[in-house]
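Colleague: I am new to this structure, and I would like to learn how to read its aromatic rings. Could you walk me through them?

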Amino acid sequence: MKPPQAPLPPGQMAISARMESEDWALLLLLSLLWGGSFFLISIALTGLPVLTIVALRLLVAALVLWAIVAATGRRLPRDPAIWRAFLVMGVLNNAIPFSLIVWGQTEIPSGLASILNATTPLWTVLVTAALLADERASPRKIAGVVLGLGGVAVMIGLDALAGLGQAIWPQLAILGAAISYAFANSFGRRFRRGGVDPVVTAAGMVTGSGAVLIPLALAIEGLPGSASAQAWLAVLTLGVAGTGLAYVLYFRILGRAGATNISLVTFLVPVSAILLGWLFLGETLGIAHLLGMGLIAAGLALIDGRLIGARG
């Protein structure tokens with residue numbers, strides 16, 4: 001017999017440990033949006049500095065999302081605590097990790113940074129196990145996360161690990177970003193419990209992020225100068241699709257499938273980026289890429305549990 005579960009704290013709604021087909025489809029779409037963002041960022045960087053790009057994509061996303069909220073008549077939360085939570089979520093999910101990753105990548109290779117960032121699901125498993133009653137860690141989940149992380153390392157290239165242990169502070173910065181994402185994944189569950197619409201939640205979060213990062217970008221980099229039409233179009237697309245639409249999907253998946261499952265997008269983003277580069281930029285797709293993708297798929301299947309008949 002299956003042992004009875006402990007009751008959840010008041011106001012906390014149970015989350016499915018397994019994702020349905022719709023959840024997987026949304027997660028794959030989210031990974032495509034964020035995977036494609038690397039290509040768009042590379043174009044934007046030809047004419048604009050890093051913090052300015054981040055600030056502009058948040059500004060565009062906020063304008064688009066609030067326009068959708070107004071046009072569709074979605075109900076805004078009246079509780080001031082929810083608006084404060086939007087700011088906290090923006091700091092945890094954007095301001096802190098964006099700043100740490102930008103600084104870290106100035107000192108270490110992007111491949112190593114990607115591998116360190118891909119530890120997000122592992123941190124999320126640990127954080128949610130400590131903070132959320134309905135997302136407990138299990139040996140199967142942890143094994144699946146480790147397998148997926150290994151797949152990311154193989155796909156990006158094990159030679160990227162050569163610098164591990166050198167330039168320790170930038171590496172700790174990337175790990176700090178991953179831990180911040182883990183806390184954001186857990187913290188974001190409260191919006192579903194409060195009945196806040198995913199579009200309103202996304203709008204509130206990017207607004208909270210912008211309130212922190214836009215003044216920072218202006219203080220450090222000043223007003224954006226002249227840039228090519230391609231760079232501006234890349235920033236616009238980043239704001240509308242890679243940020244606005246992406247975070248609507250993020251909060252919908254988070255509300256349906258939980259913090260651990262939404263963190264799995266970290267494994268899928270490198271896969272999407274490599275496949276998009278192969279399809280549209282003529283980049284090489286090698287054996288290591290295919291092997292890494294296979295390991296990631298195996299890790300995701302292990303976490304999901306259905307293929308092996310697991311129940312928790």
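Modeller: Ring pairs link Trp-34, Trp-66, Trp-83, Phe-86, Phe-187, Phe-191, Tyr-247, Tyr-250 and Phe-251 into a cluster. Rings of Phe, Tyr and Trp (its six-membered ring) pair if their centres lie within 6.5 Å; planes under 30 degrees apart count as stacked, over 60 as edge-to-face and the rest as tilted. This is a predicted model, where local features need pLDDT of at least 70 and side-chain atom pairs pLDDT 80 or more, while totals for chains, interfaces and linings use all residues. Residues are numbered from 1 along each chain as its sequence is written, and side-chain values use heavy atoms, leaving out hydrogens and water.

Colleague: How is a pair of aromatic rings described?

Modeller: By the distance of the centres and the angle of the planes. The whole structure has 10 aromatic pairs. In one of them, Trp-66 and Trp-83 have ring centres 6.1 Å apart and planes at 15°, so this pair is stacked.

Colleague: What kind of pair do Tyr-247 and Tyr-250 form?

Modeller: Their pair is edge-to-face, with 5.6 Å centre to centre and 80° between the planes. Tyr-247 is buried at 5% relative accessible area, and Tyr-250 is buried at 3%.

Note on methods
Buried < 20%, exposed > 50% of the residue type's maximum accessible area, 1.4 Å probe, protein only.
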